[in-house]
Amino acid sequence: MSLVQTLITQDSAIISELYDVVDALSKISRRPGSPESLPQLLEIARSNANNAPGFAFGKDEKAIQSKDKKVLFSRTNKEENSVNDTTHADSISFQEQVAHLFSEWCQVCDHPSASDAAYSRYVMQLQHIGLLKGDEFTERFFRVLTELAVTHSLISEQIVAPGGLSQHSSHISYLPIDSYSKLVSMVLKYSSVEIGPNKGGLLSKILSVTVRVIQKDAEEKKTSFNPRPYFRLFINWLNDLTTSDVHHDGANFQQVLTAFANAFHALQPLRIPGLSFAWLELVSHRTFMPRLLTCNLQKGWPLFHGLLVDLFKFMEPYLRNAELVEPVHLLYKGTMRVLLVLLHDFPEFLCDYHFSFCDVIPSSCIQMRNVILSAFPRSMRLPDPSTPNLKIDLLPEITKAPRIMSDFEGALRSKHMKADVDEYLKRPDGSSFLSDLKQKLLLPQNEASIAGTRYNVPLINSLVLYIGIQAVQQLQLNKANASASAQQINHSQMDIFQIETATDFFRNLVTNFDTEGRYLLLNAIANQLRFPNNHTHYFSFIILYLFAEATLENVQEQITRVLLERLIVNRPHPWGLLITFIELIKNPRYNFWNRSFTHIAPEIKMLFESVAKSCAGKAADDVPDGSH
C-alpha cells in the first residue's frame, strides 16, 4: 500500500499506468473493514487523474465523462437487452456518440506524444463502458465505426472542366481508414480477458461486420462502388495482425489467418465483382498467402485452395467464351502471376489440389492448366524427357502414388454412381453400366446452356481418375501376389490382362462418345500426365493404348490434338505430357508420321515437325522424308 501511495502522491503522471490497481482499490474501499486511509488515497488519485486527458478509471466514475458519453454508456443498466436499447443503438444519437469517440481516437493517434500507454488507456476506456464484450452491441459499434471511416475517407469535390462543365471527382483520404484500422489492432492487443480467452473471436466479429458493410455498400452503389478504402483497411490489418509477435503464438496466429480467409471467401468476386482486383491482391499478399501456406503443418492449405477455386469460378465464364475484355485480361494476368509464385514457392500445394483446380478451369484455358500440372515436389529431380532410351518403368518414383487432397470422388457420390462403378469393376460381365453411362454423363438442358457444354465435366473428371486409381491399385496388388516366375514376365504393356476392365471402359467411351464428349474424356486423361508417379505412368499408357487400338483415324487425330495444344503454348509443360508425346512420335508401333492428318497441309506438317524437334531434339529428322 505504501508503494502505491508513494507513486500516486509523488508522480501524478504514473496514474495512467496504474489504472487497474486504482480501480481495484476503489472496489476494496467500499467493502467493510477497508483501511481508513484508502478513501483519502483514492481522492488524491481522482484529483490527479482529472489532469490526465482522456483518463477515467472506473465505470462508477461517470462524473469525469462528457454529457454525450452518458447517453452512450447507459447500456450498462439492466435494460441493455431490451427492444428500446436496440432501437437506441441504431439511432442517430448513437451514431453521433460513436462519431465523437472516433474523433477522440483520431486526436489520440495524431498527438505528437502518442504512445502505447495512450492507446492502452483509450482501449481500457472502451472496455470499461461495455463496448468490447463481443456481443451484439459491440457489432453495432464497429459497424458504425467502419461506415464512418469509409465515409470520411471518400472526399468528393466539384471540379470545373475547361469547357465549363462541372464534374465530381472522388479523392481518397486514408487518415480515417488508418486510424480505424489502428484502433482495431490496439483493441485486439490491449483488451483484457473480459471478451473471452480467445481474442480471435472478437476479430472474427469485426471482420464479419466489415464484410456486411462492404456487401451493403457494393449493392447500393453498384458501378460507383469504390473498393480502395476497404483494400487499405484489410492491408493495414494484415500488416498489423500477421506480422506482430503478439499474434505469432501458434493456435492464435492460425485463428487470425483463418478469420481473414473466411472473410475473403465471403467477399469472393462472384459475390462482389467490383472488389475483384483488390480481392486478388489481398489473398495473394505477402502477409497472407505465404503465412497461410506455411503455418501449422499445412492446416491453411484447404483455406487457400478454397480461395483459388473462388477465383477460378468467377473467371470461368469469361475464359470459356474467350471474353477477355481489358478488366478480365488484367485479372487473368494477375492470376497467372499468383500461380507462377505458387509453382516456384509452393509446388506441393499445386500438386495436391491439381484435380479440383482442373475441375473449374475451362478446357480452353490451356496455359493456366499447364502451370498447375507442371508442379512437382521440390525433393524430386525430373529426368530429362528427351534422354535417349529413357526407361520410364525403371524410375524409382514411377511406382509411388501422388498425394491428392481434392475430393475426386465427390461428383460420383453426388450422382450416386460410385457403387455402380465399383460393381462394374468387380463384375463387368453382363453389366449395363457402360450402355447407360453416356446418358448419365449428360447435363439437363438448362444446366448445359449455363455450363456451355452438354456434358457434366466434373463427373467425367471424377470417373476417369477414380477408375484409373482403382486400376493402379489392382495392378500393384496383382504384382505383389505374383510368384517369382510370374514377376519375370515382361510387363512393358502395363500388364493389360490384369486391368482389362478399366481399359475396356476407356476404349468403349472413346469409341462411342461424340466429338465433344471424347475431347472432354481425353482432357480428363491428359490432366493426370504430371510428374513421375504411378498415375502418370498409367494414364500415359492409356492414352497411347487408345491411339494404337483406335480403328478410326479421327480418334487418333483428336488424341494428337489434346496433346499438341498443350505443347504449342509457352512453357512450362508437364513432364508426363512430354514423355507421352515423345513416345507417340518416336515409337514405330504407333506409326505416327504415316497418319494422313500429320501432313494434310504444309502448315500442319511444319507445326508437327517444330513441336517434335522442341520436345525430342532431332526426333522429326529421324523420320524418312517419304513417310511424311
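Biologist: Is Arg507 buried, partly exposed or exposed?

Modeller: Arg507 is partly exposed, at a relative accessible area of 30%; buried means under 20%, exposed over 50% and partly exposed in between, with a 1.4 Å probe and protein chains only. This is a predicted model, in which local features need pLDDT of at least 70 and side-chain atom pairs count only at pLDDT 80 or more, while totals for chains, interfaces and linings use all residues. Residues are numbered from 1 along each chain as its sequence is written, and side-chain values use heavy atoms, with hydrogens and water left out.

Biologist: Which residue forms a salt bridge with Arg507?

Modeller: Asp504 does, with the closest N and O atoms 2.4 Å apart. A salt bridge here is a side-chain nitrogen of Lys or Arg within 4 Å of a carboxyl oxygen of Asp or Glu. Both residues lie in helix α26 (residues 500-512), about one turn of the helix apart; helices are DSSP runs of H or I, at least four residues, numbered from the N terminus.

Biologist: How many salt bridges are there?

Modeller: The count comes to 20. One of them joins Glu139 and Lys205 at 3.5 Å, N to O. That pair links distant parts of the chain, helix α8 (residues 136-153) and helix α10 (residues 200-221).

Note on methods. Helices (H or I, at least four residues) and strands (E, at least two) are DSSP runs, numbered from the N terminus.
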